[in-house]
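Here is my note for a colleague who is new to this structure.

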Amino acid sequence: MTDVLVIGAGPTGLTLAIDLARRGVPVRIVDAAPGPSGASRGKGIQPRTQEVFDDLGVIDEILATARPYPPMRAYRGDTVVWEGTLGEPRAAAPDVPYPGIVMLPQQLTELALRNRLAALGVAVEYGTPVADLTQDDDGVTAAGIRATYAVGADGGRSTVRKALDIPFLGDTFDTERMALADVRFSDGRLDRDHWHIWGDLATQELRLGLCPLPGTDTFQLTAPLAPDEEPADLQRFVTERSGRDDLVFTEVTWRSLYRVNIRLAASYRRGRVFLAGDAAHAHSPAGGQGLNTGVQDAYNLGWKLAAVLAGAHPDLLDTYQAERQPVAADVLGLSTLLLRGSQDAPRRGRDTDQLDVHYRDSALSVDTRRVPGPLRAGDRAPDAPLGDGTLFDRFRGPHATVLAFRPAPALDHAVELNTGAQAAYGSYGIDPEAGGYVVVRPDGYVGLLADDADAVRDYLSTALDRSHYSPVP
């Protein structure tokens, strides 16, 4: 018997398996596919997800290949009629070390995650479909595997969600479809420094996009389709959409027909089984939100499962849905606005990088300060410089962290902030003169803001449970 069975080895499932394995939790991860996918699928990695990957120990491999989104080049036939970018580049700052979205095809993101998981001693068990799933008071059985808990991270058509009979609320827009493919060209007809697009700039109607994928010699093809359009001959389709007969590709390595789904699971949990990623929410591809939201589902759930398995109160698991379902609902609205091209749509950048995602309404977010400030419990904890590195260096790992603006109390993982770090947090509304303490949860969010160490001890021994984190000597 294992502690956790993860069903689905995409970015969400792999992130969860890594987080559990690094905490010493026995975990198995299965996938129905015969082997790893070679498809580019979701290619955008947002700043907050880069911070998650930093904590999990995969950011160096990710950034070694990933690149910023290339500038766009629009054509009429073979004539360039416009060039521009999706957003203004932003420089790294002390509180935001990863300021912009980067591009990496999903198969390479998954490769980096599998490599990290293998280093932790866990391999994906491919060719293992889940045809049945049962649970009782003591555990879950699926694919012949017995586990204390199971997590369905098996995509929008989730067999786990269907087995649990959880409604997938929302709509599938059959009239809004898109052709997707990974294609390879034989020569340099298209440079790899631009995202090449054809369409009507006046109406912002895209007809065809060809985006070079970092770490590969392929381009990702994207093209909206009419309701009854079926591009059986992809080469002819590209020729007609571009108005060029010189864009001849030699190979199609992956292709898919995408229908826009805007859906949200009515529940993220049934007994000992949880849903995460696309199994829990389906987004439009606009804004690069789907993969990132799934990774952060896993990052939220992992430490909570580990804590409960180590003796924390099981009610901690109820905060997973309470925190993550509202986030998915907000993201669904955001990605839909971007897809529709609404005048109310947010700008790509701070509105889509997920740095402002928060859990302010969570039962785990507590503020006992006499004079509250702009930084609130439930917000992402900013990075800041220390004499021997950064706060993110101290956050890295499975523990909670206590930030002290005055001499640190006798607590594990307490960091007494130097002048530079105090000044950085001062810009978020904490008065260094007044001092106090910030408890940062294992997933990098502010759990507690307090004036005195007794409140810190109480929070760590109740909300986060000292039987797992051992914060008090």
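1. Start at Gly121, which sits just after α4 and takes a positive phi of about 90 degrees. Helices here are DSSP runs of H or I with at least four residues, strands are runs of E with at least two, and both are numbered from the N terminus. The model is predicted: local features need pLDDT of at least 70, side-chain atom pairs count only at pLDDT 80 or more, and totals for chains, interfaces and linings use all residues. Residues are numbered from 1 along each chain as its sequence is written, and side-chain values use heavy atoms, with hydrogens and water left out.

2. Now α4 itself. The helix covers residues 106-119, and its 14 residues should span 20 Å at 1.5 Å a residue. The expected span is 1.5 Å times one less than the number of residues. The end C-alpha atoms are 20 Å apart, which agrees. Among the buried residues of α4 are Gln106, Glu110, Arg114 and Leu117. Buried means under 20% relative accessible area, exposed over 50%, and partly exposed in between, with a 1.4 Å probe and protein chains only.

3. Leu117 also belongs to the largest nonpolar core, which has 88 residues. Such a core is a set of buried Ala, Val, Leu, Ile, Met, Phe, Trp, Tyr and Cys residues joined through side-chain atoms within 4.5 Å. Ile29, Leu117, Leu133, Leu305 and Val456 have the most contacts inside it. Helix α7 (residues 290-309) gives the largest share, 10 residues. Leu305 touches Val4, Leu20, Tyr149, Val151, Phe274 and Leu317, leaving aside residues up to four places away in sequence; contact means heavy atoms within 4.5 Å. A second, separate core has 20 residues, including Phe392 and Val438.

4. Which residues form one aromatic cluster? Tyr149, Tyr268, Phe274 and Tyr320 do. The structure holds 11 aromatic pairs. Rings of Phe, Tyr and Trp (its six-membered ring) pair if their centres lie within 6.5 Å; planes under 30 degrees apart are stacked, over 60 edge-to-face, the rest tilted. Phe185 and Phe249 have ring centres 6.1 Å apart and planes at 75 degrees, so this pair is edge-to-face. Phe185 lies in strand β12 and Phe249 in strand β16, 64 residues apart. Both are buried. Tyr359 and Tyr445 form a tilted pair, 4.6 Å centre to centre with 45 degrees between the planes. Tyr359 and Tyr445 are buried too.

5. Look next at charge. There are 28 salt bridges, each a side-chain nitrogen of Lys or Arg within 4 Å of a carboxyl oxygen of Asp or Glu. Asp54 and Arg396 form one, with the closest N and O atoms 2.7 Å apart. Asp54 is in helix α2 and Arg396 in the loop between α9 and β23, so the pair ties together parts 342 residues apart in sequence. Asp54 is buried at 10%, whereas Arg396 is partly exposed at 34%. Asp19 meets Arg23 at 3.2 Å, N to O. Asp19 has a relative accessible area of 0%. Salt bridges that share partners join Asp19, Arg22, Arg23 and Asp55 into one network.

6. Last, an open sheet of three strands. The order is β3-β7-β4, with antiparallel pairing. Two strands pair if DSSP finds at least two bridges between them. The edge strands are β3 (44-45) and β4 (67-68). Two bridges join β4 to β7, and Arg67 has Met103 as its bridge partner in β7.
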